[in-house]
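Subject: Structure for you to look at

Hello,

Here is the structure I promised. Please open it first, then read my notes below.

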Amino acid sequence: MRYALTVAAERNLTKAAAIQHVTVPTMSEAIRRVERELGVTLFDRSNRGMMLNAAGRSLHPLLRGVAVASTKLESQARWLGTTATETIRVGTLFGFGSVALDRIGDVRSAKDGSRVIEIGVYDWTDPTAGLRAGETDAAILIGPTEIDDDLDSRVLGTEQPVAVISTHHPLSRKGVVTLADLDDAGWLNVHVSDRVWRAFWTADEQRGGPPPRSERMFCISPQEAAIALRRGQG
């Protein structure tokens, strides 16, 4: 069902398979198995890709609910099955939340001196920092994600988004920089299946839709983004 949701988001079997790190035949057979088990065809297949049909659009919210419930089940089962039941697993995205995690990561048990908190750092392919996969119990996140409605969350702080521009870039001479200006400059491509997280960073709500597709390299971490900028690809 998670594969089917990824195809529904990407509308392309090859792209969906790459995101899920499986082969195209594996992805295709998994979706056909779901369709056989449900007794209904979910997608219209054509040379242009795979689009949810009327039945697929109707069942999409239910499929997503089942996938979320499955993730919760796996997370709780892993937690109950671990021997270190007193350890809390906290995740964050690389480059975000590191200051706070540096301070809490060395908290130790007064009983035996063992670490009370285990920290996991994730790249941009998982903006939930392990929550969706059940690998973490809590996370410090930046921006909304597709599973935010299913999380017990607290807002720790807010910041105004800014565009950081090199003094050598032509836009640095403008008094006001618009989203259209940034569209012309080209947006960084990010390999991530979470449409809510991706739309947040590309300001889709403010612009009324996603930005034009860029030919720049795909990045999954701040290091790759920095390399792309140095090479003039971002």
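Start with the contacts. In the protein chain, 56% of the contacts with a separation of 6 or more join residues 24 or more positions apart. Keep in mind that this is a predicted model.

**The whole chain**

The protein chain has 234 residues, and 30% of them are buried. Its secondary structure comes to nine helices and seven strands. The chain exposes about 15100 Å². Carbon and sulfur atoms supply 55% of that area.

**Helix α3**

Now find helix α3, residues 24–38. Its length can be checked by hand. The helix has 15 residues, and at 1.5 Å a residue they should span 21 Å. The C-alpha atoms at its ends are 21 Å apart, so the two values agree.

Which residues of α3 are buried? They are Met27, Ala30, Ile31, Val34 and Glu35. Seen down the axis of α3, these buried residues fall within an arc of 135°, so they line one face of the helix. An α-helix has 3.6 residues a turn, so residues three or four places apart point the same way.

Just after α3 comes glycine 39, with a positive phi of about 75°.

**A surface patch**

Next, look for Met1, Leu38 and Val66. Together they make a nonpolar surface patch of about 240 Å². Valine 66 belongs to helix α4, residues 54–81. Is valine 66 buried or partly exposed? Its relative accessible area is 41%, so valine 66 is partly exposed.

**Glutamate 10**

Last, go to glutamate 10 in helix α1. Its relative accessibility is 17%. Buried means under 20%, so glutamate 10 counts as buried. Which residues does glutamate 10 touch, leaving out those up to four places away in sequence? Lys15, Ala16 and Ile19 are on the list.

Best wishes

Methods: Residues are numbered from 1 along each chain as its sequence is written. This is a predicted model: local features need pLDDT of at least 70, side-chain atom pairs count only at pLDDT 80 or more; totals for chains, interfaces and linings use all residues. Side-chain values use heavy atoms; hydrogens and water are left out. Helices (H or I, at least four residues) and strands (E, at least two) are DSSP runs, numbered from the N terminus. The expected span of a helix is 1.5 Å times one less than its number of residues. Buried means under 20% relative accessible area, exposed over 50%, partly exposed in between (1.4 Å probe, protein chains only). The arc is that of the directions from the helix axis to the C-beta atoms. Patches are made of residues with over 30% relative accessible area and no salt bridge: like charges are joined within 9 Å, nonpolar side chains (Val, Leu, Ile, Met, Phe, Trp, Tyr) within 5 Å. Accessible areas come from the Shrake-Rupley method with a 1.4 Å probe; for residues, only the protein chains shown count as cover. A salt bridge is a side-chain nitrogen of Lys or Arg within 4 Å of a carboxyl oxygen of Asp or Glu. Contact means heavy atoms within 4.5 Å.
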